[in-house]
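Here's a friendly walk through one protein chain, meant for someone opening it for the first time. Have a look at the picture, then read on.

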Amino acid sequence: MQQMEENRLYIDMDILNARARGDADYLEVPHSCLRIGREIGKGAFGRVFMASAVKLPGFNGPKIVAIKQLKKCPSSDEFDEFLDEIAMMKKVGKHPNIVTLLGCCTIKEPLTMIMEYIGCGDLVNFAHSIESGALGEEDNTSALGRSSLEYVLDHKELHNFAKQIACGMEHLEGLQITHRDLAARNILIDERKTLKISDFGLSRTGIYVNTRNKKVPLRWLSIEAMRDNLYSNKSDVWAFGIVLWEIGTLGGYPYPSVSNHELFAYLQGGKRLERPENCTPDVYELMLQCWREDPNERPSFMQISKQLEPHKKIYIDFNEIEPTYVFPPTSDQLRLAIANNK
């Protein structure tokens with residue numbers, strides 16, 4: 001036990017020295033302040049865990065957090081990109097609709113991001129839970145048992161979701177940060193139904209030309225991003241239009257009948273996603289504004305936030321939808337249909 005205390009003090013001294021050299025800031029904490037729990041996600045970069053953290057800047061006592069750790073033996077590119085994501089999260093700062101970086105471990109491996117824990121999953125899964133309840137496919141008490149969230153079909157709530165996302169994106173726009181991966185799957189929800197934009201692994205400052213051959217979220221990309229690898233706040237606005245559609249379709253998969261290699265020609269030809277039945281003409285008009293081919297003709301997030309003022313009705317009451325209406329398929333439903341047809 002004594003040895004552990006000595007190690008902790010030794011690591012803290014490392015951090016003090018790193019701060020003195022300018023290699024670390026006030027968010028740097030030792031790995032020893034983390035007690036890592038169960039895995040809650042993983043990707044090409046590494047894994048995400050729940051954890052309990054002590055000695056976090058600005059907090060007294062232990063706090064439940066989410067940590068993202070870079071995998072063992074990363075490439076130099078992966079190492080640099082992970083550090084870039086931490087730096088980006090620091091630049092983003094605090095906003096009620098964006099996941100907050102609470103601390104980091106960067107002077108010793110594994111590189112670790114410590115973020116606020118958002119306990120109710122992402123917006124796609126939330127929307128699917130609503131749809132499942134609406135269609136009577138599952139007992140909603142099982143969904144309620146998984147968290148304290150209430151899965152209710154409420155057009156005002158969907159409107160509030162759209163507004164919250166716009167507020168978070170307006171904050172990024174003001175900082176000249178391009179998210180590049182805005183989609184319902186990257187928006188987390190907490191017990192109070194506050195939405196938080198997450199996953200800044202692709203984010204960049206200002207207008208960005210992507211020269212790396214990496215996976216990109218094709219069905220959320222603007223025309224100029226597909227054609228020229230060009231990203232800006234206006235390409236984020238295009239993606240926000242897709243998110244509005246995802247909300248309106250309760251987590252539908254964009255362009256379900258269009259293949260990946262046909263999508264660019266489809267959009268270039270002026271075609272767009274159709275209006276979901278529970279979206280008012282007003283909100284569909286906003287989507288079409290977001291999907292204008294010329295980025296300069298798209299609204300800013302500040303303008304979008306104003307268009308989403310609460311007194312307007314943008315999603316239709318579900319009771320007013322035709323009972324024969326079928327929501328667009330989800331990605332899981334499409335995968336299942338493809339597997340069954342083989």
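Let's start at Gly93, which counts as partly exposed because its relative accessibility is 25%, and the cut-off for buried is under 20%. One thing to keep in mind: this is a predicted model. Gly93 sits in the loop between H2 and E4. Its C-alpha atom is 9.8 Å from that of His171, although the two residues are 78 apart along the chain.

Ser75 is another loop residue, placed between strand E3 (63–70) and helix H2 (76–92). Ser75 is partly exposed too, with a relative accessible area of 34%. Between the C-alpha atoms of Ser75 and Phe45 there are 10.0 Å, with 30 residues separating them along the chain.

**The sheet**

Now for the strands. Five of them make an open sheet in the order E1-E2-E3-E5-E4, and the pairing is antiparallel. Which strands stand at the edges? They are E1 (34–42) and E4 (101–105); each has a single partner strand, so one side of each has no neighbour in the sheet. On average, neighbouring strands here are turned by 30 degrees against each other, direction ignored. As a bit of background, strands in a sheet pair through backbone hydrogen bonds, in a parallel or an antiparallel way.

| Strand pair | Bridges | Opposite residues |
|---|---|---|
| E1 and E2 | six bridges | Lys42 and Arg47 |
| E4 and E5 | four bridges | Gly103 and Ile114 |

E4 and E5 are also joined by a hairpin, through six residues. E5 covers residues 112–116, and five of its five residues are buried, so the strand is largely enclosed by the rest of the structure.

**Helix H7**

Next up is a helix, H7, made of residues 233–248. Its 16 residues reach 23 Å from the first C-alpha to the last, close to the 22 Å expected at 1.5 Å a residue. H7 is mostly covered, with 15 of its 16 residues buried. At its start, a side-chain oxygen of Ser232 comes within 3.1 Å of the backbone nitrogen of Lys234. After H7 comes Leu250, which has a positive phi, near 55 degrees.

Neighbours within four places in sequence aside, His128 is in contact with Leu250, Gly251 and Thr330. Is His128 buried or exposed? It is buried, because its relative accessible area is 15% and buried means under 20%.

**The annotated residue**

Finally, which residue does UniProt list for "active site"? An unreviewed UniProt entry gives Asp181. Asp181 is in the loop between strand E6 (177–178) and strand E7 (187–189). With a relative accessibility of 11%, Asp181 counts as buried. Not counting residues up to four places away in sequence, Asp181 touches Asn186, Leu202 and Pro217. There is also a link to a sequence neighbour: the side chains of Asp181 and Arg185 make a polar contact of 3.1 Å.

Technical notes:
Residues are numbered from 1 along each chain as its sequence is written. This is a predicted model: local features need pLDDT of at least 70, side-chain atom pairs count only at pLDDT 80 or more; totals for chains, interfaces and linings use all residues. Side-chain values use heavy atoms; hydrogens and water are left out. Two strands pair if DSSP finds at least two bridges between them. Helices (H or I, at least four residues) and strands (E, at least two) are DSSP runs, numbered from the N terminus. Axes are lines fitted to C-alpha atoms, for helices over the stretch in contact, and angles run from 0 to 180 degrees between N-to-C directions. UniProt positions are given in the numbering used here, feature names are shortened, and annotations may be inferred rather than shown by experiment. Buried means under 20% relative accessible area, exposed over 50%, partly exposed in between (1.4 Å probe, protein chains only). Contact means heavy atoms within 4.5 Å. A polar contact is a pair of N or O atoms within 3.5 Å; within protein, one must be able to donate a hydrogen and the other to accept it, and residues adjacent in sequence count only if both atoms are side-chain atoms. The expected span of a helix is 1.5 Å times one less than its number of residues.
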